[in-house]
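Please open the model in a viewer and keep the selection panel at hand.

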Amino acid sequence: MAIISLRQLLDHAAEHDYGLPAFNVNNMEQVKAIMEAASAVDAPVILQGSAGARSYAGEPFLRHLVLAAVEMYPHIPICMHQDHGASPAVCIRAIQSGFSSVMMDGSLLEDMKTPASYEYNVETTRKVADMAHACGVSVEGELGCLGSLETGMAGEEDGHGAAGELDHSQLLTDPDEAADFVKKTNVDALAIAIGTSHGAYKFTRKPTGKVLRIDRVKEIHARIPNVHLVMHGSSSVPEDWTAMINEFGGDIGQTYGVPVEEIVEGIRHGVRKVNIDTDLRIASYGAMRKFMAEDRKNFDPRKVYKEAQKAMTSICAARYEAFGAAGQASQIKVIGLEDMNKRYSKGELDPVVT
Ligand SMILES: O=C(COP(=O)(O)O)[C@@H](O)[C@H](O)[C@H](O)COP(=O)(O)O
């Protein structure tokens, strides 16, 4: 099996009514954990690398980690996706590096902090879609800014995301604007703002429909039923793992993530890609703290990393199962990027927006 485009994966997911977690990767342990889970449950994979991942691992390491996964797990289709591209230049470099999918996040200016105008977002995203599709590569756009509907604060926690307070119209994607945006940009997938944010501190209590607007997902899906929707900031922040971090010397405050059942409801209404990073950080961190506290004589870091990997694998497998992606990998025959380009050229993949 080879590298697959995001578009082909999401088309398959839409046809068979399931969703795909897109896990962020920075190192070998994360890649192996995801691949072990996917292989065990026969799920297709989206591995995504952020700008933070590239500066942590370096572009060649990131690329070769994914290529190693393709070689080690030939039965699993893998999409190599660039998370939150800040500019067309960043996206082009990712395509050059072999990514089969890129996100152009034109909801923010290139500083990744200042909310951009709608016109800027359309123009930059359209530019990237034209270039990417010429290479058979898929494009995810974003409309609306991630942030908390509880506080009105934008989600700056992990170094990117708008800064300061935003009004509700910026924190919630408008269905009609979404239709116009997709028509003008030709994106393959659209990230929407519905009250989720990156990182561990998303909600101060179990989220109700007022602060986690799954009803808005339904409205957007009703308006553009043929467009693949993406939920960012969708870690569930499992309480057992945050408790473990705290039991072994950590200090994670009381917090709530996006409940898995709410994501599944989103998947019933057009969500096809679900971004998850924090859950793997939390699970691996909890497992490492526990192991190091309990085996104080150990000095072999591989034993610690193995525990981290096991913890992440269990989260990944649970998400593949819950989102309905288990059993789907073997059903997919990869279409090469050359052929994807031909499909774009013929207009076969143009968005259907009425
Ligand atoms: O939505 C995302 C993760 O959501 P999460 O925090 O897991 O709820 C990703 O798209 C983020 O972009 C990613 O976590 C950012 O990572 P770094 O920039 O810190 O590498």
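Which of the 20 residues around the ligand come nearest? Select Ser 50, Lys 202, Ser 235, Asp 277 and Thr 278, which come nearest to the ligand; a residue counts as near if one of its heavy atoms lies within 4 Å.

The model is a predicted one, in which local features need pLDDT of at least 70, side-chain atom pairs count only at pLDDT 80 or more, and totals for chains, interfaces and linings use all residues. Residues are numbered from 1 along each chain as its sequence is written, and side-chain values use heavy atoms, with hydrogens and water left out.

**The ligand**

Keep Ser 50 selected: an N or O atom in its side chain is 2.5 Å from an oxygen atom of the ligand. Next, select Ser 235, where a side-chain N or O atom lies 2.6 Å from a ligand oxygen atom. At Ser 234 the backbone takes part instead, with an N or O atom 3.2 Å from an oxygen atom of the ligand. The protein buries 95% of the 490 Å² that the ligand exposes when taken alone (Shrake-Rupley method, 1.4 Å probe).

Now colour helix 3 (51–57), strand 3 (78–85), strand 8 (271–276) and helix 12, each of which gives two or more residues to the shell around the ligand. Helices (H or I, at least four residues) and strands (E, at least two) are DSSP runs, numbered from the N terminus. By class, the shell holds two nonpolar, 13 polar and five charged residues; Gly counts as polar here.

**The second largest pocket**

Select Asn 27, Gln 30, Tyr 56, Ser 284 and Met 288, which lie nearest the centre of the second largest pocket, among 13 lining residues. A pocket is an open set of points on a 1 Å grid over the protein atoms alone, with protein on both sides within 12 Å along at least five of seven lines; lining residues have an atom within 4 Å of a point. The volume of this pocket is about 290 Å³, taken as the space filled by probe spheres set on the points. Helix 12 (278–294) is one of the elements that supply at least two lining residues, and it gives the most, with four.

**The second largest cavity**

Two cavities of 30 Å³ or more are found in the whole structure; in a cavity a 1.4 Å probe fits but cannot get out. Select its lining, including Val 25, Leu 47, Arg 63, His 81 and Phe 99. Strand 2 (45–49), helix 4 (59–72) and strand 3 each give two or more residues to this lining.

Notes
A polar contact is a pair of N or O atoms within 3.5 Å; within protein, one must be able to donate a hydrogen and the other to accept it, and residues adjacent in sequence count only if both atoms are side-chain atoms.
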